[in-house]
Amino acid sequence: MDLNADLGEGFGIWRLGDDEALLGLVTSANVACGFHGGDPSTMRRVCEGAARRGVAVGAQVGYRDLAGFGRRRIAYDFAELRDEVTYQLGALNAFCQLFGTRVRYLKPHGALYHAASTDESQAAAVVAAVTGYDPGLPILCLPGSTLAQLAVGAGLPVVAEAFADRAYLPNGALMPRGTPGAVITDPEQVAERAVRMATERSVVAVDGTVIPCSVDSICLHGDTPHAVSAAELVRATLIDADIPLAPFA
């Protein structure tokens with residue numbers, strides 16, 4: 001099983017999350033590319049740390065919205081979104097190359113992640129960017145989403161992920177972040193959910209519905225309270241359950 005986390009989301013003197021600690025726990029790092037968060041120095045630092053630890057680097061591409069942290073939906077023109085995703089891929093890969101590695105997958109961030117899950121135009125723009133940049137580059141996304149379907153149709157590798165620290169609705173969608181209970185912060189609960197995802201391939205929705213959840217990567221958010229404690233417990237619990245941890249890419 002792959003364990004991924006969103007990293008490098010600080011900007012300038014503002015730091016968000018403990019990138020160094022999380023790089024020692026996850027197998028894949030979704031690195032912000034400077035649009036929703038991150039800056040060149042942060043990108044360089046996280047890429048260097050990931051390369052040193054053998055952690056796979058993925059481009060966490062988002063809307064050009066630093067003020068809103070990429071969590072406000074933007075109605076983009078197809079070509080503009082395609083080009084902005086391409087721009088972010090290239091920027092992050094430049095820093096990867098400094099340390100003998102490369103961008104190994106793409107994952108949308110925040111509002112773009114949710115929009116591309118249902119909006120065909122925005123999903124198609126992401127797919128077009130990846131196809132033009134590297135047709136062998138995997139896309140990490142929600143299984144069964146519009147983005148996943150279009151990516152498969154374009155011949156791109158698709159990696160399904162689940163969120164151990166986010167609540168699910170009965171239809172398999174994530175509960176909107178602004179809703180009370182949408183983010184799960186108790187490390188023990190997060191670890192229990194991660195093991196269920198890895199062993200039983202299912203997740204329990206907010207109403208008790210058991211949802212099939214066949215995934216190859218489990219996401220932990222680096223900006224949540226107790227993120228490092230949760231990641232430590234998730235990693236230890238998965239290993240105790242004889243579940244090997246390794247990057248999918």
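User: Which residue forms a salt bridge with Asp-83?

Analyst: This is a predicted model, where local features need pLDDT of at least 70, side-chain atom pairs count only at pLDDT 80 or more, and totals for chains, interfaces and linings use all residues. Numbering starts from 1 along each chain as its sequence is written, and side-chain values use heavy atoms, leaving out hydrogens and water. A salt bridge puts a side-chain nitrogen of Lys or Arg within 4 Å of a carboxyl oxygen of Asp or Glu. Here the closest N and O atoms are 2.9 Å apart, and the partner of Asp-83 is Arg-82.

User: Is Asp-83 buried, partly exposed or exposed?

Analyst: Buried means under 20% relative accessible area, exposed over 50%, partly exposed in between (1.4 Å probe, protein chains only). Arg-82 has 28% and is therefore partly exposed. Asp-83 has 42%, so Asp-83 is also partly exposed.

User: Which strands hold Glu-161 and Lys-107?

Analyst: Glu-161 and Lys-107 form a salt bridge, with the closest N and O atoms 3.2 Å apart. The pair ties together parts that are 54 residues apart in sequence, because Glu-161 lies in strand S6 (residues 158–163) and Lys-107 in strand S4 (residues 103–108). Strands are DSSP runs (E, at least two residues) and helices are runs of H or I (at least four), numbered from the N terminus. The strands are S6 for Glu-161 and S4 for Lys-107.

User: Which residues are linked with Lys-107 in a network of salt bridges?

Analyst: Glu-161 is buried at 1% relative accessible area. Lys-107 is buried at 2%. The network links Lys-107 with Glu-161 and Asp-6.

User: How many residues apart are Glu-20 and Arg-52?

Analyst: Their side chains meet in a salt bridge, N to O 3.9 Å. Glu-20 sits in helix H1 (residues 19–23) and Arg-52 in helix H2, distant parts of the chain. Glu-20 is partly exposed at 33%, while Arg-52 is exposed at 54%.

User: How many salt bridges does a search of the whole structure find?

Analyst: Glu-20 with Arg-52 is one of the pairs. Asp-83 with Arg-82 is another. The search of the whole structure finds eleven.

User: What is the relative accessible area of Val-127?

Analyst: Val-127 is in helix H5 (residues 120–133). Its C-alpha atom is 9.7 Å from that of Ala-116, eleven residues apart along the chain. Val-127 counts as buried, and its relative accessible area is 8%.
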